[in-house]
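Please open the model in a viewer and keep the selection panel at hand. The stops below are arranged so that each selection leads on to the next.

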Protein chains: 2
Amino acid sequence: MSEQINISLPDGAVRSYPKGSSALEIARSISEGLARKVLAADVNGEVWDATRPLQQDASLKLLTWDDAGGKNTFWHSSAHLMAEAIEAMFPGVKFWVGPPVDNGFYYDVDLGDHTINEDDLRALEKKMNELAKQNNYFVRKEITKADALQYFNEKGDEYKLDLLQNLQDGEITFYTQGNFTDLCRGPHIPGTGIIKAIKLTNIAGAYWKGDEKNKQLTRIYGVTFPSQKQLDEYLVLLEEAKKRDHRKLGKELGIYTMDDDVGQGLIMWMPNGTVIIEELEKLAKETENAAGYKRVVTPHIAKESMYLTSGHLPYYADSMYPPMELEGEKYYLRSMNCPHHHKIYAAEPKSYRDLPYRIAEYGTVYRYEQSGELFGLMRVRCLHMNDAHIYCTKDQFNDEFRAVNEMYLKYFKIFGIDKYVMRLSLHSPDKLGIKYVNEPELWQETETMVRNVLQESNIPFVEVQDEAAFYGPKIDVQIYSVIGREFTLATNQVDFSQGRSFKLTYITPDNHTDTPLIIHRAPLGTHERFIGFLLEHYAGKLPLWLAPVQVKILPISDKFMEYAKSLLNKLKKADIRAEIDDRSEKIGRKIRDTEMLRVPYMLVVGEKEVNEGKVSIRRQGIGDLGSKDVDTFLNEVVEEVRERRADDLK
Amino acid sequence: MSEQINISLPDGAVRSYPKGSSALEIARSISEGLARKVLAADVNGEVWDATRPLQQDASLKLLTWDDAGGKNTFWHSSAHLMAEAIEAMFPGVKFWVGPPVDNGFYYDVDLGDHTINEDDLRALEKKMNELAKQNNYFVRKEITKADALQYFNEKGDEYKLDLLQNLQDGEITFYTQGNFTDLCRGPHIPGTGIIKAIKLTNIAGAYWKGDEKNKQLTRIYGVTFPSQKQLDEYLVLLEEAKKRDHRKLGKELGIYTMDDDVGQGLIMWMPNGTVIIEELEKLAKETENAAGYKRVVTPHIAKESMYLTSGHLPYYADSMYPPMELEGEKYYLRSMNCPHHHKIYAAEPKSYRDLPYRIAEYGTVYRYEQSGELFGLMRVRCLHMNDAHIYCTKDQFNDEFRAVNEMYLKYFKIFGIDKYVMRLSLHSPDKLGIKYVNEPELWQETETMVRNVLQESNIPFVEVQDEAAFYGPKIDVQIYSVIGREFTLATNQVDFSQGRSFKLTYITPDNHTDTPLIIHRAPLGTHERFIGFLLEHYAGKLPLWLAPVQVKILPISDKFMEYAKSLLNKLKKADIRAEIDDRSEKIGRKIRDTEMLRVPYMLVVGEKEVNEGKVSIRRQGIGDLGSKDVDTFLNEVVEEVRERRADDLK
């Protein structure tokens, strides 16, 4: 009998296999169906080729398309497949790097004098499909530096030679599939046959090593799937997402603007965007007021000493703006609101009677993001955050945390967010005192409390080990727009540590001093990201209560302006945001233009309406609703706004 | 007949007087009564001794207590009178400088080993009164540097010798009254007899030349008046102002706090202060919305290029925070909102149909003030400004400017501000193209328009030549608290220039491009200054609509808690800010504590109230209002809030 090794599986089972078995073989021993889906394997926390022999006891997780590790491996292998096709079509091509990205993969290549075009992409797709059908295996080979150098010297690829410079014997591997060999750390999928659907999406220029003094390479983007159906769905989503692009809608609807003199990533909210901001803040204030929060207003800067106490400096300095030096002191633009709020807590002595103490602020913070990573409203440098901090006793924690979760759910309902996931990040007991505050009991206690609250509230969540914050467990909230795109909304954190760092205390009923627990929460995230999400989610057709202009009055001709103005006054008196289209355009043109601006209600006003004292109503996305009494219409829109009603988005 | 000179008086008259006549003699020629009030004279724009002979034609204004120049001279002479008394009581004392200040004067003196105390101050006051009664004249003498050096060498006063170092022959004068001679540029009042009432108010230490490495001198503060009645009134005001001190009230009422780790002059608004902020912003938004303003939200930083375009750099750099350097760019914390608003204007093309374009923001700006000048909420480094910019055509200017003024008056009425002055600052035609934009016609036109609007609206105003902004006439608005203290609220400016600098344009009806005029306005000033003003104005007893807690429910014992809670719910549902005092304290104590917190309404709840379904009402500052039905009370407070009613402050 050959030598055996013990393999621990995620369900806790430990099975014995012959030494040298691969993850793929182990999958087959479970079920052929499972084996067909295996793309890679997580071996003791590291992603491996599913075909690589296991020589020792290990904990093993089989990775499929549903795991990030599986998907990334699939796309990385697709980059190699594309490279094989490129080399077949353009002999002599040189390769730089070809990583997986958020939605697919790319490869940076030097095609010499050839400029690649759309026709080339289609031809490459065809070639890739041919090569995929051959189902060539990805073969891993450990190789010496000398041999590797010789290979790429012979091939004349100076880019790979450059990559080899920093590698040593023992850490160099080649991967080969079909006729293509690449210097690559791996891992890869078992064979090219798993790649069933291929789309090359884009061509771009990219300077070698990102340095504009270097040669410009050609970056070819693609995306692949294990089935044609998935690709088709993805392309439909892409098309839909393009229509719903928040940058396009943001401009068309006058939501926001940016300017070179102000600076990259610094959003200026135009009047229409500001209406949305104010409605969101109104909702937050109402909700928080009802939940017993008080509000504060704090400055956007603080001295270095504050961020040394909080621990943001020096560790977080890279994502902060550089300091301003004044009177021998360094001042920083804040990248979070917590320290200022802790100072408000500390400004007056507190007793247990003052807890829970909940303070909220739509606080503005500044974060330095690399200019290359800035993206519309999604990645910015100035953020308006729906922030609050709850200071409470341990006894109060459960109720407070539950209330915060219920607030999230209440908001999801208002915005028609049906799909969301909460990711509960836990500590790792072996890293107490190193990566995590050394309070084993508090960790156990709060993690259990958090888990219980999530379960009791029937909130879908996944647990992740070893990803908590330094100071306590946290929840990352992911929401999905109506077209299924994922947005990270906010985190919800428990904090044992900052209270102590800032020497926050309260007097207990038995006259001792204790440190409060702190909950950090921001259920509406930031205005920037949330409004970006809403624009996509609603395709710009915001619900009535959020719409910058709620009602547009369209007189058929100037004769009806007086009636239009009397309508305008009535609507304004009822706090409805209304305007008159007083241009001398045909009514058809007025309707089309108003539709383009996604105004929810249009009131067409002509002879008949004036005589009958009525309005003819058109609803955005629905069409003609017939005519109604002015007061009936008015009451209906007021009610629709008051209820913050949203159309069914399906 | 002696040689004559021509004297132009402020009313336009030109009179002829013998050469060598003094302003005091000229005053006497007009009326003895006037002469008795003359403290100094404005001769061709320079303040002179009223007794100094006029040798040439001149334009002359007689300065009295009502002129800043007159008052300052009076207080400067009082400093000399105090010095005379100090030298009489403490022979050998040495003198540094003794200037007038905002409310009185001080002198920095070196008393050797003597430490001055309150008894000394009373004795000095007595001595000063004696010397004042002697009515010694202030005698001016031009003196050579050599003689001046000899005088102070003999006296052994190294401080005055230090002052002499930087002076040259021809610019040195001595002033003598009674037995005291000082090195002094002047001017002074005619004689000490005019000083009728004297109060020495304070003793402080002050390092020589403000440098803490130097010797510490004694700074003695005093204030004087031309009549005892004025001093008495001033002392009452001082006492009242002390009680109304916004720093004291700000702490007692939990309005704001500051913290060393955040930084000097950076206000953190606590929950009670934030309620006031939000009520003020609500008022501003309602008012501005009704007046056709739109709202925007812009970031607090911008690149150097923005402030080079606006002209704030390099000229205004000293009052800005230093820049942050990022990716080779300099970013500045903004010290005003205008440039960001101009960028919003420019973000979309405009036609005459879009004007007037009014955009408002409670914008936060950061200004560097010397740490020694910071003072509570009055002088801070972070300001929340009730800002807006109106972009309009020349034809629209008149109406727009009038509307802004009416908005000021509307606010004054709401806040019971009965006394206010607007200071219209005009350009000087001989400085066109130097200190002022070279647009003589636009200056004439807008100055006339502004003046007409002020006159038509019956707004009290004074005109000041040569104090306009670079880009147009401006109005400084001064308001007076109920105890008569003056606060500079805001400026209201016309601007021809920034529109051009930022290349702002609109298409005219005849299809040309033109540059809009801009009105900068901030009728509620900054939250910091305005709330500081309100705390003094109302002595902390804010009107119901502004009060952080509007109603406090005081159950006589725990038995009545259920009823108290039902009241609380009713009040909260009606958006009334209410709390229960649930401490187990006697009702008398509860009432006293609630009075201290300046809560407008107290509802005392006991057996009787529960049985009758009523509430017993106490009103802050008035007392018992008897008992009422719950609903009657509720309707009354809701109405009082809705109307933003304020008590008569007298």
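In β19(A), the residue that stands opposite E325(A) is K330(A). Please note before continuing that this is a predicted model.

**First stop: a three-stranded sheet in chain A**

Keep that pair displayed and select the strands around it. β18(A) and strand β19 of chain A, residues 329-333, run antiparallel and are joined by three bridges. Both belong to an open sheet of three strands, whose order is β17-β19-β18 (chain A) and whose pairing is antiparallel. Why does one side of β17 and of β18 in chain A lack a neighbour in the sheet? β17 (301-303) and β18 (324-326) of chain A stand at the edges and have a single partner strand each, so one side of each is left without a neighbour. Viewed across the sheet, neighbouring strands are turned against each other by 35 degrees on average, direction ignored.

**Second stop: the sheet in chain B**

Now select the strands β17, β19 and β18 of chain B. They form an open sheet in the order β17-β19-β18 (chain B), with antiparallel pairing. In chain B, β17 (301-303) and β18 (324-326) stand at the edges; each has a single partner strand, so one side of each has no neighbour in the sheet. From one strand to the next, the twist averages 35 degrees. Three bridges connect β18(B) with the antiparallel strand β19 of chain B, residues 329-333. To see one facing pair, display L326(B), which stands opposite E329(B) in β19(B).

**Third stop: the contact between the chains**

Show chain A and chain B together and select the residues at their contact. Chain A contributes 57 residues and chain B contributes 57 residues. About 4800 Å² is buried between chain A and chain B, 60% of it on carbon and sulfur atoms. Highlight D261(A), V297(A) and M324(A): these supply 13% of the area that chain A buries against chain B, more than any other three residues.

How many salt bridges are counted between chain A and chain B? The count is twelve. To inspect a salt bridge across the contact, select the side chains of E278(A) and R295(B), which meet at 3.4 Å, N to O. Helix α9 of chain A, residues 271-290, gives the most to the side of chain A that touches chain B, with five residues. Coloured by class, that side of chain A has 28 nonpolar, twelve polar and 17 charged residues.

Move to strand β3 of chain A, residues 40-43. Four bridges join β3 to strand β5 (residues 58-63) of chain A, and the two run antiparallel. V43(A) stands opposite L60(A) in β5(A). β3(A) is also joined by three bridges to strand β4 (residues 46-48) of chain A, again antiparallel. Here the bridge partner of A41(A) is W48(A) in β4(A). Select the hairpin of β3(A) and β4(A), which has two residues between the strands, and find N44(A), which takes a positive phi near 50 degrees.

**Last stop: a salt bridge within chain A**

Over all chains, the count comes to 110 salt bridges. For one within chain A, select E607(A) and K559(A), whose closest N and O atoms are 3.8 Å apart. This pair links distant parts of the chain, 48 residues apart. E607(A) lies in helix α18 (residues 607-612) of chain A, whereas K559(A) lies in the loop between β29 (551-555) and α16 (561-573) of chain A.

Technical notes
Residues are numbered from 1 along each chain as its sequence is written. Chains are lettered from A and ligands numbered from 1 in the order in which they are written. This is a predicted model: local features need pLDDT of at least 70, side-chain atom pairs count only at pLDDT 80 or more; totals for chains, interfaces and linings use all residues. Side-chain values use heavy atoms; hydrogens and water are left out. Two strands pair if DSSP finds at least two bridges between them. Axes are lines fitted to C-alpha atoms, for helices over the stretch in contact, and angles run from 0 to 180 degrees between N-to-C directions. Contact means heavy atoms within 4.5 Å. Buried area is the accessible area (1.4 Å probe) that two parts lose on being put together, summed over both. A salt bridge is a side-chain nitrogen of Lys or Arg within 4 Å of a carboxyl oxygen of Asp or Glu. Ala, Val, Leu, Ile, Met, Phe, Trp, Tyr, Cys and Pro count as nonpolar, Asp, Glu, Lys and Arg as charged, and the others, Gly among them, as polar.
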